[in-house]
Amino acid sequence: SKGLNTYQFGNNAYSKPATGLNILRETVMGRELFDYAFKEYANRWKFKHPTPEDFFRTMEDASAMDLDWFWRGWFYSTDWTDIGVKEVKTFYVIDAPKDIVAERAKRFGMNPEDFPPVVYLADGSAEGFDQTILDRTALENAPTLIDYMMDNFTEDERANAKVPKYIYQVTFDKPGGLVMPIIAEYTYEDGTKERIQYPAEIWRFNDKEVRKTIASDKQIVSVEVDPDE
């Protein structure tokens, strides 16, 4: 309209939607599901005059995915993408409790020496801890520990998982407002790399930071988010 001055109109009207839809197809929905839903949108609204909301609703209806968070972020806000690695903790398994465990046991009138055979996790950054790895036999006798640390594993992954030598807790944070999947690349000491993609739903219960557990026989030397930029 006359008198209206829109800054960066080309970037906001063309480049940003194109980038968002490409990410939606390649990373969030996957090509097959996106193409199916987009074809359904074209068929439903051919020779008609759809609004952006008609497109949003049709894509959700045809794909059976809740994408409200995506439309809201990419089309109704000026938020940006910024996801990083806040902290990486290394945990080791030890056969004796740390002071904090003994203190809590004492508080409840219990003596750690009277506990059945059990192993404990120790944060590798804890002061005075020599970071030695307990014999693997002790790990094999601690299935509840392994189950607890592999909270993000599927049932099949749990069933086939080997007893890990290293246990890492990776904290990802999101200073930017846009909710996006996390593509993380883990580099191991032998030079091999592993890529894991966590879906956008990972941010449902905490919009600021999330934690994931990595159990491995090899030592991780670096963690990178979005290696392809």
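Helices and strands are here DSSP runs, of at least four residues (H or I) and at least two residues (E) respectively, numbered from the N terminus.

**Figure 1. Overview of the predicted model.** The protein has 8 helices and 7 strands, and of its 229 residues 34% are buried. Among contacts with a separation of 6 or more, 69% are accounted for by residues 24 or more positions apart. The accessible surface of the protein comes to about 15200 Å², and carbon and sulfur atoms hold 50% of that area.

**Figure 2. Close-up of helix α1 (residues 9-29) against helix α4.** The two axes come within 10 Å and cross at roughly 155°; because angles over 145 degrees count as roughly antiparallel, α1 is described as roughly antiparallel to α4. The crossing of α1 and α4 is right-handed. On the α1 side the contact is made by K16, P17, T19, G20, L21, I23, L24 and V28, and on the α4 side by W69, F70, W71, G73, W74 and F75. Sorted by class, this contact of α1 with α4 has 10 nonpolar, 3 polar and 1 charged residues.

**Figure 3. Close-up of helix α3 (residues 52-63) against helix α4 (residues 68-75).** The axes of α3 and α4 lie 10 Å apart, and the helices pack at an angle of about 150°, which means that α3 is roughly antiparallel to α4. The crossing of α3 and α4 is right-handed. Helix α3 contributes F55, F56, M59 and E60 to the contact, while α4 contributes D68, W71 and F75. By class, the contact of α3 with α4 has 5 nonpolar and 2 charged residues, with no polar ones.

Notes
Residues are numbered from 1 along each chain as its sequence is written. This is a predicted model: local features need pLDDT of at least 70, side-chain atom pairs count only at pLDDT 80 or more; totals for chains, interfaces and linings use all residues. Side-chain values use heavy atoms; hydrogens and water are left out. Axes are lines fitted to C-alpha atoms, for helices over the stretch in contact, and angles run from 0 to 180 degrees between N-to-C directions. Angles under 35 degrees count as roughly parallel, over 145 as roughly antiparallel, 65 to 115 as roughly perpendicular and the rest as oblique. A crossing is left-handed if the near helix is turned anticlockwise from the far one by less than a right angle, and right-handed if clockwise. Contact means heavy atoms within 4.5 Å. Ala, Val, Leu, Ile, Met, Phe, Trp, Tyr, Cys and Pro count as nonpolar, Asp, Glu, Lys and Arg as charged, and the others, Gly among them, as polar. Buried means under 20% relative accessible area, exposed over 50%, partly exposed in between (1.4 Å probe, protein chains only). Accessible areas come from the Shrake-Rupley method with a 1.4 Å probe; for residues, only the protein chains shown count as cover.
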